[in-house]
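Have the viewer open as you read.

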Amino acid sequence: MPSLPDSETNTGASEERHTDPSPRSRIRKWVVSNTKVRLFVQFVTWVSILTLFTGTVAAGNGMTLSKQPRDTLAVPRWLYLATGGATIGASALLASFVTDRAFIRYLHNWSLSGPTIDDWWTPIRWIGRSLGIVVLGLAVYLGLTGPQLPTASFTILVTFVVVRAGLPMLTYLGGNVWPALNPWRGIVSLLPAGHRTYPRELARWPAVGGLLLLVWIEVIFPVSTIPSTLSIAILTYSAVTIAGAVLFGPDAWFENADPISVLFRFFGAVAPLKRRDGKLTVKLPGSDLTDSDLITDTSDVAFVIALIWELTYSGFITTQTGAATTEALVSLSNIGVGAVQIRAILIYTLLFVSGYVVFFAAYWYAGVLSRRRTGTYITAKRIAFRFAPSLLAIAAGYHLAHYTGLAVSLSPALGMAILSPLSPPANPLTLSPPGWFEGLSIAYVLIGHLLAIWAAHATAYELFSSRLVAIRSQYPFIVVMIGYTVISLWILSLPGATPPYLP
Amino acid sequence: MSHTATTIPRSNSPAGKCDYCGHPFPTTDRLVLHKGLEHPQQLDDVEVEAFHEARSNETDELRTLRLKALGALVLLYFGLLFMYAIFA
């Protein structure tokens, strides 16, 4: 049962103080003052408006895309991008109509308690982590000794289809199961750990660096094509993780410095399933994105932006435009020194870092603008912290858009590799997703952004007492979100290509 | 809601601080609204009255804002409609 704060019910009731005793107005008064009825009516109205709006736009895009190949849209590309941006803008305008604090709080506090799972937690964790350790060991071993064909390799399939694509999807669509699977944590729990205290001022910066480094390695090194290279990468990662966790203790390390654990923790904030007070709890997706304790440091914001940027970047370099850009930049940088390969790697790195800086700066500047425009005394940093969780919904949408195709097309190969890891078939089955998958990707990007718009709206209402200020404070963030959407939709509309110069 | 992270620009003087949590506000209206929403149990009658007045003023302004938003939505809708009619 939702419980509403007293102040809200008081205000709701006392706003209707001047009443006349006629029966009609009494019914009206009952309807208005009965918070539940009011909430229900508002809920139905807003949900139907939003689904109608997103439904038509997404369906429109899906149709134009499924009939045509990717590079010849029936509508000009700029119009398609404008429509995507307008969807976000329009939903922000629609969200600004929802000014009932009680309703917003009701939606975000709504939860259903499930069964108690604390008694089961320890055995589940042990089974999960043992499974994790077995899979990790098998992946490293098979990568070094098994077939060196990417679609037949257990190592590559488990790393990319399960850990890179499937588990994050399970995390933001269901709940975060990584703490129960984390093999490194399983290994460290058997060792004496915690010889130093983790330096607090480092916060989550090691995880930000780790995530960016992992993505950089994924781009530059042939980890997704040569299993033995991937095995070496996994071994290196394991060594660093175990050393770090033994030195600083597993809690501090996996909470702050391990990029994979931090990634799953953040994606888990979007999820509808939570473990709360020992119970399995169902919440509305994204309703925890207004929590003030999710983002407590600049490094957290940097991590969330890194999640968005790495998906944008790896999408961009695998398009024809991305490939052409890299080739142009590499030929421009020909000043007579250095091999082409080295210069290409430098260009890739430069693009990666500069794009990240631009994405981060755009978000941070939105925080500064938001403060300036509303004249609030809350610091820009704090505003940026509060609005950052809403970006996680965007990251989840991007991830789903970029990895559904991969997960579906390689799932039969993964099944084969799991059934017979030691002798997988030489020519495994790969599916080619139907054309409407492209339309689905666009829908995922838009849904992620819509959830983010809503989360930002709810956050603004938590942060500011004045409803007008709450609405105005969102404008800069909405502009940034429209920018992110347009870039992402643009990348999705570009024809694919293999990134040049890379092994 | 934590009010620790606030700074006041040098060129600006706050209209007042919340008596209960010390959060500064640039205008009296916002201070009154904050008190009513965050500390409803501690208020006296005068403050409650002020809160209701500020809230109804705010509701009027919100109505104007909603009209503007509606106008923007209509513009956006027809703008896109014409664009599609011309270019697609």
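## A hairpin in chain A

This is a predicted model. A:Asp277 has a positive phi near 50 degrees, and it sits in the hairpin of E2(A) and E3(A), where two residues lie between the strands.

The strands themselves are E2 (residues 273–276) and E3 (residues 279–283) of chain A, and they pair in the antiparallel sense over four bridges. One pairing to look for is A:Arg276, whose bridge partner in E3(A) is A:Lys279.

## What chain B looks like

Chain B is built from two helices and two strands. Read from the N terminus, the order is β-β-α-α.

How does the radius of gyration of chain B stand against that of a compact globule of 88 residues, and what are the two values? Chain B comes out at 20 Å, while the globule would be near 12 Å. Along the principal axes, its C-alpha atoms fill a box of roughly 60 × 30 × 25 Å.

Burial in chain B comes to 17% of its 88 residues. As for contacts in chain B between residues at least 6 apart in sequence, 7% of them join residues at least 24 apart.

## Where the chains meet

Across the interface, 30 residues of chain A are in contact with 32 residues of chain B. On the chain B side, strand E2 (24–25), helix H1 (28–38) and helix H2 (45–87) each supply at least two residues. H2(B) gives the largest share of that side, with 14 residues.

By residue type, the side of chain B that touches chain A has 21 nonpolar, five polar and six charged residues.

How values were computed:
Residues are numbered from 1 along each chain as its sequence is written. Chains are lettered from A and ligands numbered from 1 in the order in which they are written. This is a predicted model: local features need pLDDT of at least 70, side-chain atom pairs count only at pLDDT 80 or more; totals for chains, interfaces and linings use all residues. Two residues are in contact if their C-beta atoms, placed from the backbone, lie within 7 Å. Ala, Val, Leu, Ile, Met, Phe, Trp, Tyr, Cys and Pro count as nonpolar, Asp, Glu, Lys and Arg as charged, and the others, Gly among them, as polar. Two strands pair if DSSP finds at least two bridges between them. The radius of gyration is taken over C-alpha atoms; the globule rule is 2.2 Å times the number of residues to the power 0.38. A residue is buried if 20 or more other C-beta atoms lie within 10 Å of its own, exposed if 12 or fewer, and partly exposed in between; C-beta atoms are placed from the backbone.
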